[in-house]
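Colleague: I have a new model open on my screen and would like to talk it through with you. Could we start with the overall layout and then go residue by residue?

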Amino acid sequence: MLLVTVGDTRHEFNLEDLQALPASSFQTTTIWTEGAQTFRGVSLKTLLESLDVTEGVIHATAINDYSVTIPMTDATADGPIIAYAANGAPMSRRGKGPLWIVYPYDSDLKFQTETIYSRSIWQLDRLTIE
């Protein structure tokens with residue numbers, strides 16, 4: 001489901017692996033959905049900490065090879081999660097899943113910018129840390 005490459009080391013996570021990490025959830029609106037949505041997943045910070053990653057640049061890639069760069073400074077306690085559920089249900093590929101990097105857009109104006117929206121990659125399947 002998610003391949004994380006740190007240097008020469010590859011870490012493969014299935015849904016159960018991601019769900020075994022401490023979960024985060026929040027409710028927010030997005031520019032791609034209607035009304036408030038409740039997202040649940042693992043925070044980017046928690047995932048990276050579980051791999052002892054504290055520096056570098058995050059390259060996130062989707063199933064269709066769309067790719068974005070996310071600075072490590074985004075991986076904060078109040079930052080994005082790698083969502084695996086929306087409104088209590090797993091997300092289908094049609095529903096931007098199975099994984100979607102979601103920021104808590106409504107919590108702070110700093111998350112309501114084109115830059116942040118561009119980092120909100122859905123159908124995520126790979127992270128590479130350089």
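Modeller: The protein has 3 helices and 10 strands, where helices (H or I, at least four residues) and strands (E, at least two) are DSSP runs numbered from the N terminus. This is a predicted model, in which local features need pLDDT of at least 70 and side-chain atom pairs count only at pLDDT 80 or more, while totals for chains, interfaces and linings use all residues. Residues are numbered from 1 along each chain as its sequence is written, and side-chain values use heavy atoms, with hydrogens and water left out.

Colleague: In what pattern does the protein run when read along the sequence?

Modeller: Read that way, the pattern is β-β-α-β-β-α-β-β-β-β-β-α-β.

Colleague: And what is the radius of gyration of the protein?

Modeller: The protein has 13 Å, which agrees with a compact globule, because with 130 residues such a globule would have a value near 14 Å. The radius is taken over C-alpha atoms, and the globule rule is 2.2 Å times the number of residues to the power 0.38. Along its principal axes, the C-alpha trace spans about 40 × 30 × 30 Å.

Colleague: How much of the protein counts as buried?

Modeller: Of the 130 residues, 44% count as buried, with buried meaning under 20% relative accessible area, exposed over 50% and partly exposed in between (1.4 Å probe, protein chains only). The protein exposes about 6,800 Å², of which carbon and sulfur atoms supply 47%; these areas come from the Shrake-Rupley method with a 1.4 Å probe, and for residues only the protein chains shown count as cover.

Colleague: Which residues touch the most other members of the largest nonpolar core?

Modeller: That core holds 40 residues, and those touching the most other members are Leu 2, Phe 39, Leu 47, Ile 82, Ile 101, Leu 124 and Leu 127. Strand 7 (residues 81-86) gives the most to this core, with 6 residues. By nonpolar core I mean a set of buried Ala, Val, Leu, Ile, Met, Phe, Trp, Tyr and Cys residues joined through side-chain atoms within 4.5 Å.

Colleague: Take Ile 101, then: what is it in contact with, leaving aside its neighbours within four places in sequence?

Modeller: With those neighbours left aside, the partners of Ile 101 include Ala 60, Ile 70, Pro 80, Ile 81, Ile 82, Leu 124 and Leu 127, where contact means heavy atoms within 4.5 Å.

Colleague: Where is Tyr 103 found?

Modeller: Tyr 103 is in the loop between strand 9 and helix 3, and it counts as buried because its relative accessibility is 0%. Beyond its neighbours within four places in sequence, Tyr 103 is in contact with residues including Phe 26, Thr 28, Phe 111 and Ile 116.

Colleague: Is Phe 26 buried or exposed?

Modeller: Phe 26, which is found in strand 3 (residues 24-28), has 16% relative accessibility and therefore counts as buried. Outside four places in sequence, the contacts of Phe 26 include Phe 39, Ile 81, Val 102 and Tyr 103.

Colleague: And where does Trp 122 sit?

Modeller: Trp 122 is found in the loop between helix 3 (114-119) and strand 10 (124-129), and it counts as partly exposed because its relative accessible area is 29%. Apart from neighbours within four places in sequence, Trp 122 is in contact with Trp 32, Ala 62, Lys 96, Leu 99 and Trp 100.

Colleague: Now the backbone: which peptide bond is cis?

Modeller: The bond from Gly 97 to Pro 98 is cis, with omega near 5 degrees, and Pro 98 lies in the loop between strand 8 (89-90) and strand 9 (100-102).

Colleague: What about the phi of Asp 65?

Modeller: Asp 65 has a positive phi of about 75 degrees although it is not a glycine. It lies in the loop between strand 5 and strand 6 (67-71) and is exposed, because its relative accessible area is 53%. Asn 87 also has a positive phi, of about 55 degrees, without being a glycine, and lies in the loop between strand 7 and strand 8.
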